[in-house]
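User: I would like to learn how to read the features of a model like this one. Please take them one at a time, with the general idea before the case.

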Amino acid sequence: MNPVDKLGLNTALSKARKSYLEGGIPIGSALVCHGSLDDAGEAIVLGTGHNERIQKSSAILHGEISALQDAGRLKAGVYSKCTMYTTLSPCNMCTGAILLYKIPRVVIGDNTNWVGGEDLLKSRGVEVIVVGDDECRDLMSRFIQEKPEEWNEDIGV
């Protein structure tokens, strides 16, 4: 991984750990803009989040949605210069948000525990990179074993 991808995925992973420690579903995300908002041309983390469905009794606060909310209201052109980093393959709701805002690139830490809308993203021209990160996989796997009912609720089962 390049340094920006490491920054993005490590930021998402830190949010996943936070959610797990709070008793929530350990999925974290970060929205990173690639060098167009500052004069230095460096990557900027615009928003971070984690799955807060349990903590906030929310039907929609998945990790990617939380990161978008944290980023706040942005001009449409900003999203086109961003990558969404997520510790787990995005569900259909989060896939829809990525497509709605035309985020061109998604970096996924793990897709062995769950495969979401990756094929839809690819079919719509989004670059999808699956890293296969061991910590992302192990953290999610541990949560699924510990709290299968909450995991099933999160994925609509």
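Analyst: Start with a loop residue. Ser 57 sits in the loop between helix H2 (53–56) and H3. The model is a predicted one.

User: What is the phi of Ser 57, and is the residue buried or exposed?

Analyst: Phi of Ser 57 is near 50 degrees, a positive value in a residue other than glycine. Exposed means over 50% relative accessible area. Ser 57 has a relative accessible area of 70%, so it is exposed.

User: Which residue in the loop between H5 and E4 can I read in this way?

Analyst: Lys 102 has its place in that loop, between H5 and E4. Its phi is near 55 degrees, again positive in a residue other than glycine. Lys 102 counts as exposed because its relative accessibility is 63%.

User: And where does Arg 124 lie?

Analyst: Arg 124 belongs to the loop between helix H6 (118–123) and E5. With 56% relative accessibility, Arg 124 counts as exposed.

User: How many bridges join E1 to E2, and how many pair E1 with E3?

Analyst: E1 and E2 run antiparallel and are joined by seven bridges. E1 also pairs with E3 in the antiparallel sense, over five bridges. Cys 33 shows how to follow a residue across the strands: Ile 44 is its bridge partner in E2, and Cys 82 stands opposite it in E3. Another pair links Ala 30 with Tyr 85, its bridge partner in E3.

User: Is E1 largely enclosed or open to the outside?

Analyst: Burial is counted residue by residue, and a residue is buried when it has under 20% relative accessible area. Six of the seven residues of E1 are buried, so the strand is largely enclosed by the rest of the structure.

User: How should I read the burial of a helix?

Analyst: An α-helix has 3.6 residues a turn, so residues three or four places apart point the same way. In helix H3 (residues 63–71), seven of the nine residues are buried, so the helix is largely enclosed by the rest of the structure. The buried residues are Gly 63, Glu 64, Ile 65, Ser 66, Ala 67, Leu 68 and Ala 71. They pack against strand E1 (28–34), strand E2 (43–50), helix H4 (76–79), strand E3 (82–88) and helix H5 (92–100).

User: What follows H3?

Analyst: Gly 72 follows H3, and its phi is positive, near 80 degrees.

User: How do H3 and H5 cross, and which residues make the contact?

Analyst: The axes of H3 and H5 come within 8 Å and cross at roughly 35 degrees. Glu 64, Ile 65 and Leu 68 of H3 make the contact with Met 93, Cys 94 and Ala 97 of H5. By class, the contact residues are five nonpolar, no polar and one charged.

User: What is the angle between H1 and H7?

Analyst: Helix H1 (residues 3–21) and helix H7 (residues 134–146) pack at an angle of about 20 degrees, and their axes are 11 Å apart. Angles under 35 degrees count as roughly parallel. H1 and H7 are therefore roughly parallel to each other. The crossing of H1 past H7 is left-handed. On H1 the contact is made by Leu 9, Leu 13, Ala 16, Arg 17 and Tyr 20, and on H7 by Glu 135, Cys 136, Leu 139, Arg 142, Phe 143 and Glu 146. These residues of the contact of H1 with H7 divide into seven nonpolar, no polar and four charged.

Methods. Residues numbered from 1 in each chain as written. Predicted model: local features only at pLDDT ≥ 70, side-chain atom pairs only at ≥ 80, totals over all residues. Heavy atoms only, no water. Axes fitted to C-alpha atoms, helices over the stretch in contact; angles between N-to-C directions. Helix = DSSP H or I, 4+ residues; strand = E, 2+ residues; numbered from the N terminus. Parallel < 35°, antiparallel > 145°, perpendicular 65-115°, else oblique. Left-handed = near helix turned anticlockwise from the far one by under 90°. Contact = heavy atoms within 4.5 Å. Nonpolar A, V, L, I, M, F, W, Y, C, P; charged D, E, K, R; others polar. Buried < 20%, exposed > 50% of the residue type's maximum accessible area, 1.4 Å probe, protein only. Pairing = 2+ DSSP bridges.
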